[in-house]
Structure formats: structure tokens, C-alpha cells
There are 2 protein chains.
Amino acid sequence: MAYIAVLGHGVVGSGVLEVLMTHKGSIARRADVEIKVKHILDLREFPGLPYSHLFTKDFDVILNDPEVTVVVEVMGGLDPAFQYVKACLEHGKSVVTSNKELVAEKGAELLAIAKENNLNFLFEASVGGGVPIIRPISQCLAANEVGEIAGILNGTTNFILTKMIREHMSFADALQLAQQLGYAERDPSADVEGADACRKICILASLAYGTHVYPREVHTEGITKITLEDVAYAEAWGGVIKLIGQVKMLESGKIHIGVCPMFVSRDSQLAGVDDVFNGILVRGDATGDVVFYGKGAGKLPTASAVVADVIDCVKHFAKRKYLYWEDAKPDYVEPFDVMPTDVFVHIQGKNSDSAFDTAETLFPGAVRLIRKGEKEGEAGFVVSQISGRELGEKLPRLEAIGVKVLGSIRISDY
Amino acid sequence: MAYIAVLGHGVVGSGVLEVLMTHKGSIARRADVEIKVKHILDLREFPGLPYSHLFTKDFDVILNDPEVTVVVEVMGGLDPAFQYVKACLEHGKSVVTSNKELVAEKGAELLAIAKENNLNFLFEASVGGGVPIIRPISQCLAANEVGEIAGILNGTTNFILTKMIREHMSFADALQLAQQLGYAERDPSADVEGADACRKICILASLAYGTHVYPREVHTEGITKITLEDVAYAEAWGGVIKLIGQVKMLESGKIHIGVCPMFVSRDSQLAGVDDVFNGILVRGDATGDVVFYGKGAGKLPTASAVVADVIDCVKHFAKRKYLYWEDAKPDYVEPFDVMPTDVFVHIQGKNSDSAFDTAETLFPGAVRLIRKGEKEGEAGFVVSQISGRELGEKLPRLEAIGVKVLGSIRISDY
């Protein structure tokens, strides 16, 4: 018998209990031992559940119970999750978490404590929900150099963009629908401003390259400025707009990392990742492109990833510590605006042709796009291989000569 | 230092040496120990290689070397691979293989020997080449009931079908091109007749449901009868033709398993898996659909999967045995032609309309498809939810009343 405790009985926590109950037999077979939840920490009351007697409001009950060998942290947030997880690891308990904020902000520190105490700190569920990605990157792709990772890492924004693309809903309407369906929080800023995707690409970057990257170091743009006109230009170009988190190892040993909306070609495997799904592309030097695709969030997908980690902990309690990375180092993250990409630019002048002609004087070789329903005065074009820095210098000059810049969106090469 | 031996220096074997050399440092870091190849078994001579001195023609040199703890079998075929692998496991050596025939035919027996001797028998590379699938199914999805698995498991046939779909090449021309490019063997039958895909779905089924399924028990059709007319009808229906290996757990506790060409909807994540890529969809009760996509074959992708397994063996040599399934049991595989699916039927009569009208009397509710370039006398239609058995009874009756049946293709619901 292996005893575990669960910190937090929200959506994921109750899902963990559900998965453990409904798959009791098969889980015991796979773990070689029965897994029993002994304590559940939550400040709220949950009367009437078959396991109501397991609740406690006192974390010390868990910390000081020597029978509990694995603690599941599914509270979310940094405080008190960080203190609790740290204390568990220091008291000889392995920890499994789905908390991406915790891993993105405190991963290096917690992994070091886990290593020191010969324990596991596992977090498969923190990226991609039920889509296995942490373990494949760390194990299966061990014999590869990972050149880059690019992914649709946030289901909420992908749902909103899909509605904008397929049903021509405005951003505001699509967000409201996402909230009605429970895909977006009442305060949706962590999703739509890109912070959630940023945490996930930080975790993947830290794992793939062995050095912690903190969210504050990462250029992050959300999708709040994306318009239906942008969507139509993406279609005219031959693709769709997706919120992409990406990291790439440069020859200099630095990394290029960021989160921003991008045009993605219709031929890309990422283009077909719609609705609340996540898709993550890993480019290995030996394997080529490997794509992982599935439901990125939700109660049961996330809970099943947590339980898989628990099984792993229980099975290999004696020695396992396969996840590890070093703390951050200075000058490791290259400024995001140095890397050139193709970029779409959306402008407005007195009339479309003259606006484009003016733009062309600053961006020679620009390729014009004509969107469905283009309005008089509006124009869109693609500039090839320009850095954010250069673009940031030129766009104000374009405005200075009478052409209004409505926006610009990077174009991916995945 | 961990010493390994490699059986076979063909495409995959030489790739394993290459990956081990080019990623020496990162592999040592991940394995916690340096991995050194001590012997390479091959009957051929390979002078002039930096590791030419490692070759031996005598298997017993490897078997009797107590320093060798892990043996990599990349010879292919059953004889002598099976005898060698069995002997290694009986002599205390863990084994890593990319040999799908070996795993599909002898998996249960070898896993039992490995278990008995507390050793690893790992075969990530046997399915999906560099795409991680064995480990995700066995570990990450441990807390799921896997309802079904469906995949494009053979890169050669997928390349041929892609050429037929995109460039309207005939089957024969596309096969010839695949041979010229080295994607197909001179004798392509194992690929185009479906045997290769069959072995892979057997391995996945054995792994997912814990009971060995032998290739001889599995209904297997290849793509040799697929015509450009079929491709055009698939397009008219809204999809593409793919060679699909599938397995599904039924409520009866039996499995539905088979390999056959199918219409796949353009909206399916499998529809976009083109060229030599593989894509595998795993439908879990908690995770929903998870799709794994990447290069299914090739020297380096396969070699990198082999080396990842070697790292795992070396790292967990003392105790690991996470893969296991029981030997086959009687009446476990449901006859393939019992399960109803939608089916496309292609017919020929005196004229198209009358041929379809005649067919409709036998298949009430049939939905007609009109393909681009349809010829006089030809017709195509979809029958919903009909078993292979019923179809097999009705098609001869259709011929008896004067309508020639040119072919029929199942329609998938993935």
C-alpha cells in the first residue's frame, strides 16, 4: 500500500480523486501496489462525498505523517503552494504537481531540493494537460539534440482564435463565449495576454536545454489586439493565426524564446490544432519533427497526467530523479527582437494602392496581400526576414510619412 | 562506464553508432554514466571505420562477456534475432530492439523471460520510428483506459497514397518512385500488403490491453487495389485514403483489430499526416484523443529511439521492468467483419444512374458520391453502418443483377 496526500480539492484535485477511484484496479496493477489517498488538504468543507472523512485544514497533519510518501499539489498559485511543496520535499516526500506557475517560477529550486533528498518532483500535467510532453522530451528524445520547440500551449486562446477564424466572431464575442463555456476565467488576462503560454514555454525550455528560464525574461504578447481583418489577411496569405510559444537554441549557446501570435501556414501540422486543443512540435536533430497533440486542459486529462506521475513516483520511489535543470544564468536569453522572421504588416492610408506604394519605399520587396472584403485605404503586406528591432525603427517612419500602421504579426516557419 | 553490444550494422545499427558518437556528452549526462560500445556483431567486414576494431562474427563473444550489460538487436527478422535475444536475456543482459517482427511474433515470450530475470526488454523504435509511442502508452497514459488506437503506421504506403492524392500518380508509378527514393524495398510486399502495419498494431494492442495479439490473428489488407478513382471519390466525400491500423476494446472484453485502407475525413488529425510520416491517435477515457506525429522510419529517427531505450536500460539497470503483457488467449480477437462501419462502394453498370438505382434497391439509404471526371457507367456511393459480413453477402447479389462491383473501402470515424 502506498499512501498519498492531495493538496487542494478544486477542479484538478477532485479529478485526481475520481481517476484514482474509477481506475483503482488498473492503477494498482501498473504501480505494483495499491495507491490510497490518506489526506486531502482544503480550507473548504466537502460534506457528503465518499471520502469526506479524509479532509483536513492542517497541512502539518500531512507533513508529519510518515506513511505519506507522495504529495500531490493541485492548489495552483505560488503561495502557499511553494512553501508546502518545499516542506514536503525537505521531509522526504516526493511531489507531483500540475501547477505551471510553481514550476515556471520555482522549478530549479525545487528540483535541486528533490535531487538533494533523492526524491521525485514531477509535473507532467503542468504543460499540455493530458498530452504527454514532459516525459517524452526528457526521456524518449534523450538521444536527440532538440533544436527548437514550438507549440500552441493555451487552449483558451486557441478556442477564441478558432472561433474568429471559422465563424468570424470578434475577439470580444469569442472571449465571452469561452467564458460562458467555462474555458476562460472571469479574469481572462493570464490566458489572453499570453502569461499562461509563457509559463509553459519556460518549463519546456528549461527541460530541453537544462537551464531555468523565468517568465519575466520572456517576450510575451497575447491575442487581444488580433482583429478579424488580421484573420482574413492570414487566410489570403495561406494560413491561420495561432498563439505560438517557441524556444530555439542558437549557435551562440543562447536561446531565442517568446510567446506571440503568428501566421501559421495551412500546411503546418500546427494549423490543424483547433478549439481547446494543444499541439507541441519538437524539432530533434535525429528524429526530425515530432508533434504531440491533444486536449491541453480540463479536469480529467489533467488529472490523468497527475495520476500517471503518481504511479511513477510510487513505482520508483527508491531512487528516481530523472528530471533536473540548473538555475538561470545571465545573458542566456537573447533579446527577442534580434531574430529576423517574415512579418505581416497592416496599414491604412488615403487609398490602398498609394498606402502600399509608400510602404514599399521603406520595405522594398514587400509582397502585398489582398484580403476578402478589403476596405478602401487599407492594405496588407509581408516583409521577409526582418527583425523586430528593425521593424520597430521603420514603422514609426512609415507613420511619419502619412501611413497609419494598424498592426504587425510575425510569420512562423513551422 | 556501461558496456553495450550491437547486433547488426545495417541502416539502424550504423545509425545507433552515429547517434552514440555525435551525442556522447549529452547522453552520458542523461544516463549518469558513459555508454561504450564494446562489440558489434556482423558477418560483413567494415574496414576503415573509426570503430572497425569492435566487429566480431562470433555471437558467443558478446554472450560470454560479463561486462556487456545491454545488447542492442537491430538485425531484423526472426532468425537468428530471436535466438540471440533470448540467449542475452537468459544470460543477464537487458535487450533493446527496433525489430517489429520480433516483438510482434515473440514479444510475450521475451517479456516473460526478461521479467523472470529482472531485466529490461525495450522496443520503442519498433513502432513509429523516432515518434515516442510505446513509452507514452505504457507510462504517461497509465491512468487512462485506452478505448482505441488508430494510426498511420507505415511510412512507405503513406508516401505512395500521398503521391496518388496530391499528384494523381498511379499506384504503380508512386511505388516505383518510393523505390527510387529508398522508401520502399525492392520487394515491397511487407509494406504495400499491410504486413508491416499489422505487426505494429499488434505491438500497440498487446501493450495497451495486456494480452499478446499475433499478426496471423489480424485482418490485414494493403493498398495495392487502391485506384485513382477511389482517391477521387474520397475527395468528393470530403477526405483522403489512408492505410489505417486500428484496435478497439469492445464491451465484451474482446478486441476489434485490423489493418485496411480507409476514407479519413479532412477534419481528422490523421488526414494531415502525409508523405513518410506516421501519426498515431490514442483515445483515452480521461485524456480524450492524443495524437503522436513524426517520422516513422529512417536511420536517425529509429536510431535515436533505440539509444533513448539504451539510456533507460543503463540508468535503471538494477530493477526496471515496466513493459509486460501476457501471452495470447483464445477467442480474444473478434472477427473483423462483424463490426459495422460506413463503407464506400464503387460500381460499374450500363449507365451511372441506373447502376446506382439498382444498387439502391439492395442498399436502401445509400448516399451517392459524384467524383471529378466520373466516367459513364461508373458510380460510387456510401452505405452507412454495415458489417463486412453483410457487405460480403450483398455485393455478389449486386453482381448477380448486372452491376459490377469495382471495389469497396471502409470509412473511419476518427
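The model is predicted, and every value below was computed from it. Chain B can be superposed on chain A by a rotation of 180° with 0.0 Å of shift along its axis, and the RMSD of this superposition is 0.0 Å.

**Relation of the chains**
- Because the rotation of 180° comes with 0.0 Å of shift along its axis, the relation between chain A and chain B is that of a two-fold axis.
- Among the residues of chain B, Phe292(B) comes closest to the rotation axis, with its C-alpha at 2.5 Å.

**Strands of chain B**
- Strand S4 of chain B, which spans residues 68–73, is mostly covered, since five of its six residues are buried.
- Strand S1 of chain B (residues 2–7) pairs with S4(B) in the parallel sense over five bridges, and within this pairing Tyr3(B) has Val68(B) as its bridge partner in S4(B).
- S4(B) also pairs in the parallel sense with strand S5 of chain B (residues 94–97), here over four bridges, and the bridge partner of Val71(B) in S5(B) is Val95(B).
- Between S4(B) and S5(B) the chain passes through helix H4 of chain B (residues 81–90), forming a β-α-β crossover that is right-handed.

**The largest pocket**
- The largest pocket has a volume of about 1500 Å³, and of the 45 residues that line this pocket, the closest to its centre are Arg266(A), Gly272(A), Arg266(B), Ser268(B) and Gly272(B).
- Sorted by class, the lining of the largest pocket consists of 18 charged, 17 nonpolar and ten polar residues.

Methods
Residues numbered from 1 in each chain as written. Chains lettered and ligands numbered in written order. Predicted model: local features only at pLDDT ≥ 70, side-chain atom pairs only at ≥ 80, totals over all residues. Heavy atoms only, no water. 1 Å grid on protein atoms, 1.4 Å probe; cavity = no way out; pocket = protein on both sides within 12 Å on 5 of 7 lines; lining within 4 Å. Points joined across faces, edges and corners; volume = space filled by probe spheres on them. Nonpolar A, V, L, I, M, F, W, Y, C, P; charged D, E, K, R; others polar. Buried < 20%, exposed > 50% of the residue type's maximum accessible area, 1.4 Å probe, protein only. Helix = DSSP H or I, 4+ residues; strand = E, 2+ residues; numbered from the N terminus. Pairing = 2+ DSSP bridges. Right-handed = clockwise from strand over helix to strand, strands pointing away. Least-squares fit on C-alpha atoms with pLDDT ≥ 70 in both.
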